Amino acid sequence: MTLTLTNIGKTFADGTRAVCPTDLSVAEGEILSLLGPSGCGKTTLLRMIAGLECPDSGGQIRFDDSDVTDLPVERRQVGMVFQSYALFPNMSLRANVGYGLRMQKLPRPEIDARVEEVLALCRLEPYAARAVSALSGGQRQRVALARAIAPRPRVLLLDEPLSALDASLREALRDELAELLRRFNITAIFVTHDQTEALAIADRVAVMQAGRIEQIGAPEVLYRQPASRFVAEFVGDAMALEGSRDGEMLCMAAGRLPLPAAAPGLLPYVRAEDIQICADGPLTARVDSVTFLGTHYRIGLGDLGQQPLYCSHQAAVAPQPGAMVRLSIPKQGIMMLPQSQASAR
Amino acid sequence: MRLTRYLPLGVALLAAAFLIVPAILSILAGITANYFRGLSSGLTLRWIFEVWELYAGSIFLSLWIALCCLVVTLLIGVPAAYWLARNPGRMARWLEEFVSLPLSIPGLALALALIQLYGSHLGFRTSWLFILTGHVLYTLPFMVRSVQAVWAGMDLTTLEESAASLGAGPWQRFRDIALPGALPGILAGALTVVTLSIGEFNLTWMLHTPYLKTLPVGLADAYASMRLEIASAYTLIFFVIIVPLLMAMQWASDRARRLTR
């Protein structure tokens, strides 16, 4: 199913603009992630697609060719996975998964067959006899997913599906969720504030900030060609390089750095993995902190500007705190970005 | 060391005795042949039979009113609690206070107000429905609060949104999600309402007529105009009815609390 939003905005009764009028379309079978900090309007946008919030007048939501803007949630045929999973505590696991099918008034044998099919798809058969309260966080998440998918919804909506889990579980379940969503072959939209989740699961990511979509694109595009400072900072923690400009050179306190282009009006940004410690680098900085993270060292560098810079150092040994090191930043590692209005961070 | 260990125990035992000795004395009086001659006069069930003959009508009236009161508070209280749980906000808090108002007004004042309002409607004034009206006024807040507390503790909104996304309409959501979830609260509320209605005296004392005495009103009547043994036997019967209800109430509200945690 193709989902099309036209001019969809939301102003709450107290006058707060939660979502500015937005156009968005999601292709058949595509997994789109709405990514942004809390309060950016991503959950409100999801709830409007679900039919749980009513958009401001003038907006339109279409599923394929049918206008669903005025349909209440129970008639929209959406599957929804809530942050808390919202499993029905008074029902068994099977009754939870079969609830949507019962609402469709399907004959009993067909309900049973479809429930078994979905349980198998979500690898829940071993737990099918358990009470909902006896399930672990990961199992609950799969039950919520199975319950949402069983009535064959036109679109699957997930609201922070991983944030209720322990950090240790989250990474494993993230990959599992990505794999399950591909297996369902369904149009899906999922909301998250965690950039790694969005990049790992989605085909396309829409980065939201203050009720607007700042940039929408494939994960690689967002990461490598962010359209604004906010996107660069939120996706991949880009850091600003401070200094005065002299043509294609950036004059920093630590030395002169060649930029990829003169690009007046744009500011240079860099990511931790693009700062290299090497003996003949053009910049000099003091090592302030060294943190060993297993795959690499995270090194805090001082004397470079008002904000400290961090460098991912992949080597067997790290410099000592207090040592002076020379740094280089290759031109292709520097992103020249506009100072967007929305980036008040 | 010893003293600090046994002193609290002693105090607790004393307090328990303070509460329980009058009850035991009263029960004993109800089965003693002649209380003024003491237990040496022998034990008997005669007084209990006599109470039954004199006051069976009061006992059944009380049970009937308690049952009707339960039905009415369920029919009004559960939907009211549902509305309050679904629409939290200033309006709901205000309404909740309003529903709870009868709790803070003395039963006597409430009864007087009812008599002022309905006293001239003689048919109603002399009917058991008049007493029922008073009991519903007094017990409704207990039902509303008990049910509402369970719904407030279970994130009703998200559960219902979840059911709605699966295709359930408003009535199906209430029937399949809200109502089963509230059962422990409804049970606790129901037991409270029945217990309070059976034991209610203040209000009923004002509202009753000579032909309509409830169980506690009959008890007062027995103490005022019958032998002490008969009144005491009456107390014994009252205990037999009310204590199991109290225990069930305790159990049900414990269960409701565990579920909402």
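## Helix α11 and L228(B)

L228(B) is found in helix α11 of chain B, which covers residues 228-260; helices here are DSSP runs of H or I with at least four residues, and strands are runs of E with at least two, both numbered from the N terminus. At 32% relative accessibility, L228(B) counts as partly exposed, a class that lies between buried (under 20% relative accessible area) and exposed (over 50%), with a 1.4 Å probe and protein chains only.

This is a predicted model, in which local features need pLDDT of at least 70 and side-chain atom pairs count only at pLDDT 80 or more, while totals for chains, interfaces and linings use all residues. Residues are numbered from 1 along each chain as its sequence is written, chains are lettered from A and ligands numbered from 1 in the order in which they are written, and side-chain values use heavy atoms, with hydrogens and water left out.

## The nonpolar patch

L228(B) belongs to a nonpolar patch on the surface, together with F18(B), L19(B), I20(B), V21(B), I24(B), L25(B), Y35(B), F36(B) and Y223(B), and the accessible area of the patch is about 1,000 Å². Patches are made of residues with over 30% relative accessible area and no salt bridge, where nonpolar side chains (Val, Leu, Ile, Met, Phe, Trp, Tyr) are joined within 5 Å and like charges within 9 Å; the areas come from the Shrake-Rupley method with a 1.4 Å probe, and for residues only the protein chains shown count as cover. Helix α1 of chain B (residues 2-30) gives the most to this patch, with 6 residues.

## Salt bridges

Side chains of opposite charge can pair when their charged atoms come close. One network of salt bridges links E74(A), R86(B), E160(B) and R173(B).

In chain A, E110(A) forms a salt bridge with R114(A), with the closest N and O atoms 3.5 Å apart; both lie in helix α3 (residues 108-121), 4 residues apart, about one turn of the helix. E110(A) is partly exposed at 35% relative accessibility, whereas R114(A) is buried at 10%.

In chain B, R145(B) forms a salt bridge with E96(B), at 3.8 Å between the closest N and O atoms. This pair links distant parts of the chain, since R145(B) is in helix α6 (residues 128-153) and E96(B) in helix α3 (residues 90-104), 49 residues apart.

Definitions and conventions:
A salt bridge is a side-chain nitrogen of Lys or Arg within 4 Å of a carboxyl oxygen of Asp or Glu.
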